[in-house]
Amino acid sequence: MKIEVLTLFPEMFAGPLDVSMVARARKSGLLDLQIRNLRDWTHDRHKTVDDRPFGGGPGMVLKPEPIFEAVEALADNQTHVLMMSPAGRSFTQAVARELSTKQHLLLLCGSYEGFDERIRTLVHDELSIGDYVLTNGGLPAMVVIDTVTRLIPGVLGDDESAQDESFSHGLLEYPQYTRPAEFRGMKVPEILMSGNHAEIERWRREQARLRTQERRPDLLG
Ligand code: 4FV
C-alpha cells in the first residue's frame, strides 16, 4: 500500500512513524509512506497557502490552488483522497479495515480555520478522529496511518492477530493476564489456567460482552 500525506508540517511526522510496526512495514515494503510539503505546490516568494476568509471572521483559510495542484500531481484513478477534518465521518476500526484494502491513500491535513470549501470537490472521503479541534490535521493523519498499517496483510506477524481484538467483533477486548499468576494478592482467574480452551473462549466472549455492555452499550446496537 502507498500512503501519501499532504501537510504544512512534514517535520511533525518524523518519529511516530519511524518506530515499531509502521517502521517494519516501511522497511519490508508493505507500506510506502511519503510525506509531502504543501508549500512545494506554491509559486510565489512567500509560498502562500492561506488567505483571509471571504465574509470576514477570525483566522485564515487554506487556499484551493496549491491543494488542487498537489492532488492533481500526486493522485491517479487508484487514489483514495481523504480529508482529515472535525466535520468528517467518525474514523473507526471498520473504516480502517475499509481503507486497508485501498492501493493508494492521499491524506489532506488541515491547518488554520480549515479548507476552502471547493477543495471538498477533490476528496472521496472526509474523516474525523474525534469531536475536538486540533491545531492541524497531522495527528489525525498519523492516527489513520498507524491504524490502517496494522491491517495491511503481512504487517501483523502470525502471533499477532487483528481477529480477536477490540472492535473486531464490535466488542471491547476481554481482560488479559500474564505471569505472575498472583500479584499483590490479585490472582489470575482460574479458568485461564484450566487448559480448557472451549471454556476459556466462552469466558472471554462473556467478559467482552459484559465490559461492552458496561462501558459502550452503544456498540451493542
Ligand atoms: C480534526 C479532527 C481536527 C481543525 C482545524 C485542523 C483541525 C485545523 N481533523 N479530526 N478532530 N482538525 O481537529 O480530524 O485545520
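Begin with the ligand and select Ser111, where a polar backbone atom is 3.2 Å from an oxygen atom of the ligand; a polar contact here is a pair of N or O atoms within 3.5 Å. This is a predicted model, in which local features need pLDDT of at least 70 and side-chain atom pairs count only at pLDDT 80 or more, while totals for chains, interfaces and linings use all residues. Residues are numbered from 1 along each chain as its sequence is written, and side-chain values use heavy atoms, with hydrogens and water left out.

Next, select Gly130, which has a backbone N or O atom 3.0 Å from a nitrogen atom of the ligand, and then Leu134, which has a backbone N or O atom 2.8 Å from an oxygen atom of the ligand. The protein covers 96% of the 370 Å² of accessible area that the ligand has on its own (Shrake-Rupley method, 1.4 Å probe).

Now show the residues around the ligand, which number 18, with Tyr112, Ile129, Gly130, Tyr132 and Leu134 coming nearest (a residue is near if one of its heavy atoms lies within 4 Å). Which strand supplies the largest share of this shell? Select E5, a strand that spans 79–90 and gives three residues to the shell, the largest share (a strand is a DSSP run of at least two residues, numbered from the N terminus).

Terms used:
Polar contact = N/O pair within 3.5 Å; in protein donor to acceptor, adjacent residues only side chain to side chain. Helix = DSSP H or I, 4+ residues; strand = E, 2+ residues; numbered from the N terminus.
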